[in-house]
Amino acid sequence: MRKVVIPIGPQHPALKEPESFSVTLSGERIMAFSARLGYNHRGIEKACEDRSYTQNVYLTERICGICSHAHSTAFVQAVEEIAGIKIPDRASYIRTIISELERIHSHLLWLGVAGHEIGFDTLLMYTWRDREIVMDILAQITGNRVNYGMNTIGGVRRDIDDEQKKNILKAMDKLEERTLYYITVATSERTVIERLSGVGVLPHKDAVRLGAVGPTGRASGVDRDTRRDDPYAAYDRIKFKVITDDHCDVYGRTLVRVGELMEAYKIIRQALKDMPEGPITVKAPRKIPAGEAVSRYEAPRGEDLHYVKSNGTEKPERVKVRAPTLANVQTVAKMLEDGQLADLPIVIAAIDPCFSCTDRMTIIKHAGSRDLGAMAWEDLRTHGINWYKNKGVDFSRLNEKLKKANKV
Amino acid sequence: MTTREEAAKTALIKKFGFLENLVRIQRERRIFIDDAGQDFERILDFASEDLGFSVLCAITGSDDGTRYEFIYHMARPKGDMLNIKIYTPRDGSRVKTITDKFPGAEIFERELTDLLGVKIDGLGEGNRYPLSDDWPKGEYPLRKDWVKKDKKPEGK
Amino acid sequence: MIWPGKMLKQVLGSIFKKPATTRYPFFKKESDSPDRFRGKLLFHPEMCIGCKMCMRDCPANAITIRKIADKEFEADIDLGKCIYCAQCVDICPKKALETTKKFELASLVRGKLKITFKAEPK
Amino acid sequence: MIGSLVSIFLFPGLMFLVVAGLAGQFIDRKIYARLQNRIGPPWYQPAADFIKLAAKEDIVPDEANPGMFKAMPIFALTAITTSILYIPLWKDTALYTFKGDLVVVLYLLTIPTLTFFLGGWYSTSLYSKIGAVRALTQLFAYEVPLLMSILAPGLLANTWSLSGISQFYAAHPWYWLVNIPGFAISMVTLLGKLEKVPFDIPEAETEIVAGTFTEYSGRLMAMFKLAIDMEAIAAASLLAAVYLPFGLSFNPVVGFVIYLLKILFIITAMSLLRTLFARLRIDQMMSFCWRYLAPLAFVQIVLNLTLKGFILR
């Protein structure tokens with residue numbers, strides 16, 4: 001049978017971010033798969049080098065929208081280690097609580113996306129409705145739904161008061177009930193099981209070899225979790241289970257994620273109970289002494305690693321970010337071996353890819369003038385205006401209006 | 001300092017005598033080898049096979065103005081990290097690939113090629129990462145002497 | 001045999017529930033802007049002492065403090081650049097900056113995103 | 001002559017189908033949204049979508065065969081409009097009727113799927129081609145159980161004319177209850193015919209963008225979308241005529257209201273069904289249709305033949 005190569009991306013409904021994959025198909029069967037990453041490169045690592053540490057906290061936070069707390073915490077931890085700052089206990093508990101709230105929102109988001117990728121939009125609508133609960137809580141505590149701005153060098157910026165505590169506990173009860181329901185749906189809805197089990201198999205051996213991290217690895221029996229193995233914040237004082245599974249497929253990854261949701265509720269309750277009173281921040285110097293540190297953080301998608309090297313000034317010498325997706329994206333080709341086209345979206349989604357974390361740098365130069373017979377933006381615009389003019393619709397007055405408004 | 005880190009340090013020094021003053025335990029679970037030099041590959045093998053630092057977390061490449069520094073962040077599944085550093089001169093910098101032992105290293109090595117302009121020996125053909133295909137030749141953003149050329153006009 | 005259609009009960013129950021979505025521009029939820037919400041910045045010129053800490057710490061270079069006369073300062077804030085982290089509010093020693101709950105700041109005209117807080121003539 | 005033109009273009013032909021199709025789309029979307037705990041679109045949304053699409057530029061890909069590409073949406077519309085004329089709506093006779101029109105209507109309702117295939121194939125985009133092949137593969141899966149289950153009531157009535165079937169069930173009330181299993185099977189296969197979840201495989205957006213319709217835009221796309229809405233009404237009318245043949249002997253107004261209620265019931269049931277499932281893979285869909293639906297439809301036929309042989313002799 002004739003083989004065809006179809007492009008998935010850079011713009012494709014299955015991908016929520018621009019990234020390009022090309023898939024060789026024979027009928028519905030996938031023969032080869034290759035990825036071209038880098039569409040989201042924004043130069044953050046380079047940009048970190050000419051910004052001060054305080055500014056970098058907010059810059060690293062914006063590496064990713066979903067795991068923003070993960071990146072800023074990892075960065076801040078590294079800087080604190082170099083400067084020898086010990087953050088107050090209460091601050092580390094608050095960081096733990098925010099990080100688990102973030103995990104809840106990320107995993108619920110994933111569950112919805114997974115539902116959408118297999119054409120089960122009802123699941124998407126329901127999980128995202130329930131995700132609003134945790135988003136509202138996050139907005140209440142930190143002031144924003146994403147990019148919380150919670151971290152600062154030497155602690156956290158906002159405290160959790162008693163009323164918020166109560167609200168969190170109430171929300172946890174509600175979410176726990178809902179999560180239990182989603183566990184029943186995921187494990188007993190026939191069409192969902194048909195689409196998830198046996199799909200995107202990543203055997204334990206390959207998961208270890210390719211260095212899979214986070215839920216992707218744990219669903220293949222790789223028993224690694226930075227929260228337990230290399231504890232940060234308050235995780236060394238909290239009891240929790242690391243969820244693993246040996247299904248090795250997308251179904252297993254779903255089970256791990258919903259299992260982690262249940263654990264997250266427990267962790268948050270425990271942290272709220274144990275959280276000591278006291279200050280939430282200590283004073284940090286603006287100039288960080290020379291040194292280096294590696295900081296690890298278990299983001300919802302897996303291990304996030306930051307390496308910071310300082311040179312005694314206000315600005316870091318080098319910041320290196322290794323986002324979890326970068327470690328996981330190389331497993332996708334293995335998972336898709338002998339797979340079907342229909343399974344491709346859910347397999348890619350199952351590693352919960354976050355390509356903006358992965359790429360981090362954009363093109364500062366203008367794109368080259370490669371003429372592929374495509375229309376330049378201006379031409380397209382003129383064409384559009386003329387086309388509507390021919391139809392008797394004239395936007396030129398609107399343009400004048402806009403020009404006038406621009407002058408004002 | 002717990003004994004695990006000390007044990008790893010002792011084992012490393014025992015096997016590679018010249019590391020005497022180069023192995024540094026920065027804190028709990030963080031070990032640095034400051035310059036692995038020519039013996040890098042043997043140290044990497046020893047660390048990953050005998051000492052159990054079997055997970056490659058990342059490769060950091062940086063430019064300190066006079067030479068390039070590469071840090072191989074290796075981790076034990078149970079949390080300890082060993083950071084092996086090697087240095088190369090800025091002119092004609094070459095590093096050998098480690099993709100034969102760690103297939104997951106490919107993407108980190110491509111990143112070094114793109115951003116630092118380091119030649120990786122033994123790294124096969126493939127898509128570039130992370131810069132775009134029309135990125136000009138000879139521009140390596142992570143080098144310290146690299147300057148942004150056409151900055152986006154402010155405000156407009 | 002596992003039968004499909006596990007969500008039937010929940011789905012049918014939804015008909016009798018209030019929808020979770022709202023008709024946004026016409027109807028706004030209170031939880032959209034909680035107390036700690038970091039919205040559009042507000043500058044109080046009379047409190048500013050011109051230390052320019054906010055300028056120094058702003059990750060996006062969105063704020064500029066200008067001296068117009070002795071002990072009188074103006075602030076230019078570019079809402080297009082501002083990332084609403086409120087670091088300037090935290091760092092300000094005199095509390096001359098504060099966040100408001102305004103968040104619908106989109107504009108068709110770029111110029112409107114640049115706002116200036118003028119010092120009141122004494 | 002004028003009467004025929006009125007019935008073809010106005011009522012119950014094209015105009016009625018367009019209005020009913022848009023209304024049907026609204027009801028489907030609203031119910032779907034409410035089942036998902038959302039507000040859903042306002043009543044004019046389908047019409048607004050249609051007008052917006054129709055105002056856009058038609059882009060025909062360079063590589064595509066322009067004739068086929070442009071003709072296909074019109075073919076789809078024509079076939080559906082023709083089919084409605086043979087279906088008895090609120091009386092026990094249709095506007096036009098002849099022996100065996102049941103089979104003709106079934107084939108007319110197959111034509112839209114073929115136009116999706118041809119339109120997708122001739123637009124030469126890879127996504128369209130994959131979608132086109134999927135549409136055709138799916139056709140082979142659902143068409144057999146659908147045909148078998150729709151022919152079963154005809155076998156009982158001993159006629160393959162839709163009006164004849166209506167007249168038979170009008171004369172023998174309550175016999176339609178026998179066909180309920182067939183009705184269920186037809187409902188499920190109808191989801192495949194209309195390409196709705198769980199059988200929206202040919203236009204699975206997360207896999208192949210928009211499948212057959214990837215390259216369509218502007219008026220042609222609007223026509224295709226309209227054709228799908230109208231097909232839903234026509235197919236629902238067919239199911240109502242075959243499986244729910246009651247309430248046909250009242251005066252036209254009451255009969256028309258009853259007809260609308262039947263269609264509403266079928267559309268609601270389809271919305272509910274598409275809320276409940278994840279999309280199947282094409283191989284799972286094939287095996288589901290052949291392993292479960294086709295044998296069940298066969299059982300229905302055997303049941304009807306037995307009934308006819310022993311009781312209605």
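Two residues count as being in contact if their C-beta atoms, placed from the backbone, lie within 7 Å.

## Ground rules

This is a predicted model, where local features need pLDDT of at least 70, side-chain atom pairs count only at pLDDT 80 or more, and totals for chains, interfaces and linings use all residues. Residues are numbered from 1 along each chain as its sequence is written, while chains are lettered from A and ligands numbered from 1 in the order in which they are written.

## Who touches whom

Four pairs of chains touch, and the pair with the most contacts is A and B. Chain B and chain D, on the other hand, don't touch, with their nearest C-alpha atoms 23 Å apart. Chains B and C have no contact either, and their closest C-alpha atoms are 8 Å apart.

## Chain B in outline

Chain B has three helices and seven strands. Both are DSSP runs, numbered from the N terminus: helices are H or I with at least four residues, strands are E with at least two. Read from the N terminus, the order is α-β-β-α-β-β-β-β-α-β.

Along the principal axes, the C-alpha atoms of chain B fill a box of roughly 60 × 35 × 30 Å. Of its 156 residues, 37% are buried, that is, 20 or more other C-beta atoms lie within 10 Å of their own, again with C-beta atoms placed from the backbone. If you take the contacts in chain B between residues at least 6 apart in sequence, 48% join residues at least 24 apart.

## Where A meets D

Chain A puts 24 residues into its contact with chain D, and chain D puts in 22. On chain A's side, the elements giving two or more residues are strand S1 (4–8), helix H4 (89–117), helix H5 (121–142), helix H7 (190–196) and helix H13 (344–350).

## A hairpin in chain A

Strands S7 (residues 302–310) and S8 of chain A run antiparallel and are joined by six bridges; strands pair if DSSP finds at least two bridges between them. For A:Leu305, the bridge partner in S8(A) is A:Arg322.

Five residues sit between S7(A) and S8(A) in this hairpin, and A:Gly312 in the turn has a positive phi of about 85 degrees. How many residues of strand S8 (residues 316–322) of chain A are buried? Seven of its seven, so the strand is mostly covered.

Methods. Buried ≥ 20, exposed ≤ 12 C-beta atoms within 10 Å, placed from the backbone.
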